[in-house]
Amino acid sequence: MGSSELLQQFVNALSLGSTYALLALGLAMVFSVMGLVNFAYGELVAVTGYTMYLLVTRGVPWWIAMLCGIAAAVALSLLMERIAFRPLRNASFLTLLFSSFAVSVIIQNVFRATVSPRQKGVPSPEFLSEVVHLGPLTASWLTVITTAVAAASLATLVVFLRRSVAGVSMRAAAEDFDVTRLMGVKANGVIALAFAISGLLAGIAGVLWVARLGAVAPHMGFVPVLKAFIATVIGGLGSLQGAVFGGFVLAFIEITFHVILPSSLQPMVDPFALLIVGVILYFKPQGLLGGSGGM
Amino acid sequence: MAEPLLKVEGVTSGYGAILAVRDVSIEVNTGEVVALLGANGAGKSTLLMTIAGLVNSTAGHITFAGKKIDHMPPERILRAGIALTPEGRRVFAHLSVADNLRMGAASRRDAGGIAADTEEVLELFPRLSERYRQLAGTLSGGEQQMLALGRSLMSRPKLMLLDEPSLGLAPRIVAQIFDMVQALPQRGVTVLVVEQNVRLALTVASRGYVMATGEVQASGSSAELRKAVDLEKVYLGTDSRR
């Protein structure tokens, strides 16, 4: 394989990786503060998609539909926290986990009942599929924008977590929730903020996801939350840097198998990728950056 | 005689079935440094955590500056003016010294006041100034204790609850820290300090309570407590533990 093809795939991996990193970070945000792996997280991506579907098919301009989709994800995330998780604040890990499964199923059925059990197409702006040439590389506008948006989101989040009092409070809460409360920081506020950021990241990732897939379906949240979960586990559960790193590692593994495997074996990309993930975890059960849980 | 700043009346609290604090009543007056003495497991830490709101009391009342604070969440108790410096320091290891101090001021909105107080804390503890941008987890035990105290000071508390500030620290650092503790009332901060090191505690405190198995067994001025022979019976080993 030529070097330009290699470079091309590298760019693809960066684009995929940045989407996975966004998704993983949103999931890790809530886990780091609450110890909850929110399996209804995928539905935040789905609600972004469905909001966009409902608006775009009614003639609303794409960029407005996009912003509404992101707002819907944030709103749903906060709603989930308030209704499903806050009453269970001190429950066991398993109770919270099952609760998140329940929320996930309920939301999926709402999509089935109110829109359709079947897949629905979501047209995206045509320019996104147009190709742009950057030197030896060729990429669709969608790929370029995905990488740029993800990078910008991550950078903004890092600045927020490092500089603002709210951000520092979140990092403190992830490390020691009780002592953070001793500083006068409201527990509910920190958790709500974590869910809001989680929703925001899921919304942004959701927009990029729907633009790529071109369609929404009731179970569409499954793949995003699965990728997010695998990425956070690879990077180290509880570490925000780990989530981002894990996202890129997962993307690189997937693209590698996509390139290596012949077309007849393409459906095996995911299983092989998971095999590698298993190997990584065998040698580093805490994840590649895990163990410290820092940010 | 003015109303005590802190009044703990008949408080019982613990962890599930284990009652670590049983029917305890103590008082702290404004401007005092009061010591809470006793062996490991006597319930001293639990009492501080109950006052700070981290542990729920199942009986009794706690009044601070005339307001009832039992069953208030820790966030509100801090905002009412009580700062707990927990046992074992519990600084945010993955945050810098600077961010730890910022967290101490998390309840405040006055940027100017926060900046001024940060300067003061750094003057009080020059070591923290040197390590300002370092991660708190890389600090020595003594420096972490200073950071924990500085962090508590950042909230401009009226009452500071200190849980075993000398634990695991070298004598020289301990002396430094206790010098600072002794000067706290001059800064307008009243202190309730839990200590296993009796001699040390009684040099800075004017009064003390002795707890054993969750109850207050004795109380009095430092002079009285120093003379009491029973102290030896109440707990085993003091300075020799370090």
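The questions and answers below describe a predicted model with chains A and B.

Visitor: How are residues and chains numbered and lettered here?
Guide: Residues count from 1 along each chain as its sequence is written, while chains are lettered from A and ligands numbered from 1 in the order in which they are written. As this is a predicted model, local features need pLDDT of at least 70 and side-chain atom pairs count only at pLDDT 80 or more, whereas totals for chains, interfaces and linings use all residues.

Visitor: What ipTM does the model score?
Guide: Two scores are given for the model. The pTM is 0.85 and the ipTM is 0.89.

Visitor: Where in chain B is the pLDDT below 50?
Guide: pLDDT is the predictor's confidence in each residue, from 0 to 100. Chain B averages 90, and 94% of its residues score at least 70. A stretch below 50, with 7 contacts in the model beyond near neighbours in sequence (a contact means C-beta atoms, placed from the backbone, within 7 Å), covers residues 237-242 of chain B.

Visitor: How many helices and strands does chain A have?
Guide: Helices (H or I, at least four residues) and strands (E, at least two) are DSSP runs, numbered from the N terminus. By that count chain A has 11 helices and 4 strands.

Visitor: What is the radius of gyration of chain A?
Guide: The radius is taken over C-alpha atoms, and the globule rule is 2.2 Å times the number of residues to the power 0.38. For 295 residues a compact globule would have a radius near 19 Å. The value for chain A agrees with this, at 19 Å.

Visitor: What share of the residues of chain A count as buried?
Guide: A residue is buried if 20 or more other C-beta atoms, placed from the backbone, lie within 10 Å of its own, exposed if 12 or fewer, and partly exposed in between. Of the 295 residues of chain A, the buried share is 49%.

Visitor: Is A:Glu254 buried or exposed?
Guide: A:Glu254 lies in helix α10 (residues 240-260) of chain A. It touches A:Leu16, A:Val269 and A:Ala273, leaving out residues up to four places away in sequence. Because A:Glu254 has 22 C-beta neighbours inside 10 Å, it counts as buried.

Visitor: Which residues does A:Ala65 contact beyond four places in sequence?
Guide: A:Ala65 sits in helix α3 (residues 62-85) of chain A and counts as buried, with 23 C-beta neighbours inside 10 Å. Its C-alpha atom is separated by 7.1 Å from that of A:Thr51, 14 residues apart along the chain. Its contacts are A:Met52, A:Leu55, A:Val56 and A:Val60.

Visitor: What is the radius of gyration of chain B?
Guide: Chain B has 10 helices and 10 strands. The globule rule gives 18 Å for its 242 residues, and chain B is close to that, so it is as compact as a globular protein of that length. The radius of gyration of chain B is 17 Å.

Visitor: What is the order of strands in the open sheet of chain B?
Guide: Two strands pair if DSSP finds at least two bridges between them. In chain B, β1 (residues 6-15) pairs in the antiparallel sense with β4 (residues 57-64) over 6 bridges, and with β2 (residues 18-28) over 7 bridges. β2 and β5 (67-68) stand at the edges, each with a single partner strand, so one side of each has no neighbour in the sheet. The order is β2-β1-β4-β5.

Visitor: Which residue in the turn between β1(B) and β2(B) has a positive phi?
Guide: β1(B) and β2(B) form a hairpin with 2 residues between them. B:Gly14 stands opposite B:Leu19 in β2(B). The turn residue with a positive phi, about 65°, is B:Gly16.

Visitor: Which helix supplies the largest share of the side of chain A that touches chain B?
Guide: The contact takes 18 residues from chain A and 21 residues from chain B. In chain A, α6 (165-175) and α7 (177-182) each supply at least two residues of that side. The largest share, 6 residues, comes from α6(A).

Terms used: Two residues are in contact if their C-beta atoms, placed from the backbone, lie within 7 Å.
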